[in-house]
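Biologist: Hi! Could you walk me through this model?
Modeller: Happy to, here it comes.
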Amino acid sequence: MARLQAQALTVRIGEVQVCRELDLQVREGESWCILGRNGTGKTTLLHTLAGLRTPAGGNIILNDRSLAAQPRRAVARQLGLLAQDHRDSFPASVMETALIGRHPFLGPLQWESHQDRRSARRALRAVDLQDFEQRNIATLSGGERRRLGIATLLTQDPGLLLLDEPTNHLDVHHQVHILELLQRKVKEAGKSVVMVMHDINLAARYCNRFLLLLGEGRTARGSAADVLTRELLEALYAHPLEAIAGPHGPVWLPGKATRPGGRSTP
Amino acid sequence: MSERPFILLLSLILLAIGSLLVSLATGSVETNFRELAGILLGDDQGLAGRVVRELRWPRAAAAFVSGGLLSLAGGLMQVLLRNPLADPYVLGVSGGAATGALLSLLLGLGGLWLHGAAFGGALLSMLIVFGLAHGRGSWTVSRLLLTGIVIAAGWGAVISFLLAVSPAQDLRGMLFWLMGDLGYATLPRAGSIVLLGGVLLAVGMGRSLNILAHGELTAASLGIRVLPLRRLIYVAASLLTAAAVTIAGNVGFVGLVVPHMLRLQGVRDHRILLPAAVLLGGSLLLIADTLSRTVLAPRQLPVGILTALIGVPVFLYLLNRGRTQYGGSE
């Protein structure tokens with residue numbers, strides 16, 4: 001069953017045409033990766049899929065019902081978003097911040113239950129923050145704050161997880177740790193994931209569907225074999241790429257910037 | 001963890017009751033606590049009874065309610081503007097109120113006119129900022145803040161103009177009003193209703209406020225309708241401020257620091273923080289007012305001076321002790 005469906009979706013932001021008449025189906029057990037150059041509208045597309053922006057055209061269907069017609073609270077029980085960065089303005093503890101994920105499930109005057117605390121604690125353990133519960137978020141490092149954002153999303157526990165560069169700020173160990181965690185959620189719990197990534201190799205290893213934003217509204221989508229080709233990827237980034245045989249399939253290495261006007265590597 | 005908020009609220013309630021009793025017992029007519037108990041239980045007690053019932057009680061109630069209103073408004077403004085430096089006056093509500101109040105003082109209109117003009121000025125300012133900050137649909141924090149600050153500066157010029165053209169005998173009353181003064185306060189019936197409504201609203205939307213403090217995108221993705229919520233906070237904070245300045249003039253400092261005093265104590269959940277701020281802010285203003293009419297008795301000082309004189313050292317002490325709360329190292 002398709003969890004999220006985009007029908008003839010057209011998205012624009014300012015002068016940038018992100019996609020034109022895009023049809024997309026995100027099913028259970030699929031993890032999609034959105035790839036594209038800076039400024040092609042990956043984040044905008046993700047926010048549109050989350051229902052936080054009105055598209056210029058087309059429809060989005062979330063679990064067989066129009067996304068725009070559903071109350072925001074109901075949407076938040078079905079899909080969650082990890083934003084690209086975190087903007088905290090006041091002190092809060094790690095535990096309190098993870099617990100906000102329960103918001104869409106609680107009535108206005110209802111307080112978080114022991115059950116909610118347990119799920120928050122489980123989520124913190126999953127991202128390796130179990131010893132940080134009472135820490136003030138202002139004292140966390142960038143990577144720790146990122147993992148906390150993911151823990152909040154896991155506490156929310158929606159069927160569809162939208163993540164904007166989930167590996168931002170993470171060290172290599174935690175990048176793999178988080179991506180494997182998401183992969184397990186997709187494989188074992190039947191979740192669906194859509195994430196924006198910049199690392200083609202990690203994307204190829206942990207995602208099974210790809211959407212390439214090629215600019216000017218052009219897109220390409222499909223499996224790794226379909227779209228992670230040298231030709232398409234070089235067009236995508238306007239940069240030469242080299243494929244090397246690695247233990248998990250081809251590893252893409254950027255070549256020197258040679259195109260006229262491009263910066264040369266030092 | 002779960003008992004701590006209740007202990008905090010309970011101790012703040014005790015603090016409020018304590019400040020109230022001290023305030024009622026203190027003044028030029030000596031009243032000991034036994035007499036006070038008698039008066040409160042309905043004994044007449046002659047002059048002392050009349051002083052307590054007709055002078056001290058309305059003034060104490062006015063102090064507590066306006067302190068509570070300002071602290072609540074300050075806490076809400078800080079979340080709305082995502083800025084710890086925000087206070088109830090930052091968006092110009094108090095400037096509008098001051099202009100109204102000064103005009104009525106200039107025209108020699110006191111009492112109800114003064115209160116009405118202050119409240120009217122505050123509402124006018126709130127509507128101007130609300131309308132102008134809208135722009136073309138966007139209602140961003142920086143746009144709202146800039147609009148409010150510019151309007152506040154405009155009011156500041158009008159206030160200076162009114163002071164400059166006012167006859168000398170009116171100036172003292174005007175300056176007292178601008179510094180915050182409870183000398184003319186009456187029993188704050190309307191203010192209490194606004195305060196009660198504000199507390200209920202704040203507790204009701206407290207969890208949404210907690211989330212809004214993590215950014216609008218996060219709030220929206222968790223199902224909060226951010227724009228209606230922010231408008232509601234703006235209108236609520238403005239009305240609370242308008243009610244407060246109508247009672248007591250521009251009492252400074254309380255609305256800015258009381259929410260931070262609690263945050264520094266580790267109170268961060270707005271469902272607890274805001275009602276606690278009402279109790280603490282009310283008590284602080286009540287204590288300040290008691291001192292303002294006693295330290296230089298029979299001379300009375302504007303209460304705004306005392307709130308800052310008490311608040312500054314307390315706040316600095318807490319800030320220094322709770323260094324890690326605002327991003328310092330462990």
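Modeller: One term to start: axes are lines fitted to C-alpha atoms, for helices over the stretch in contact, and angles run from 0 to 180 degrees between N-to-C directions. This is a predicted model, where local features need pLDDT of at least 70, side-chain atom pairs count only at pLDDT 80 or more, and totals for chains, interfaces and linings use all residues. Residues are numbered from 1 along each chain, with chains lettered from A in the order in which they are written.

Biologist: At what angle do helix 8 and helix 11 of chain B pack?
Modeller: About 155°, and their axes are 10 Å apart. Helix 8 covers residues 189-204 and helix 11 covers residues 226-248; helices are DSSP runs (H or I, at least four residues), numbered from the N terminus.

Biologist: Parallel or antiparallel, roughly?
Modeller: Helix 8 and helix 11 of chain B are roughly antiparallel (angles over 145 degrees).

Biologist: Which residues of helix 8 of chain B make the contact?
Modeller: B:Ala190, B:Gly191, B:Val194, B:Gly198 and B:Leu201. Helix 11 of chain B brings residues including B:Leu239 and B:Ile247. Being in contact means C-beta atoms, placed from the backbone, within 7 Å.

Biologist: New topic: how many residues of chain B are in contact with chain A?
Modeller: 23 residues of chain B, against 26 residues of chain A. Helix 10 of chain B gives the most to that side of chain B, with 4 residues.

Methods:
Contact = placed C-beta atoms within 7 Å. Helix = DSSP H or I, 4+ residues; strand = E, 2+ residues; numbered from the N terminus. Parallel < 35°, antiparallel > 145°, perpendicular 65-115°, else oblique.
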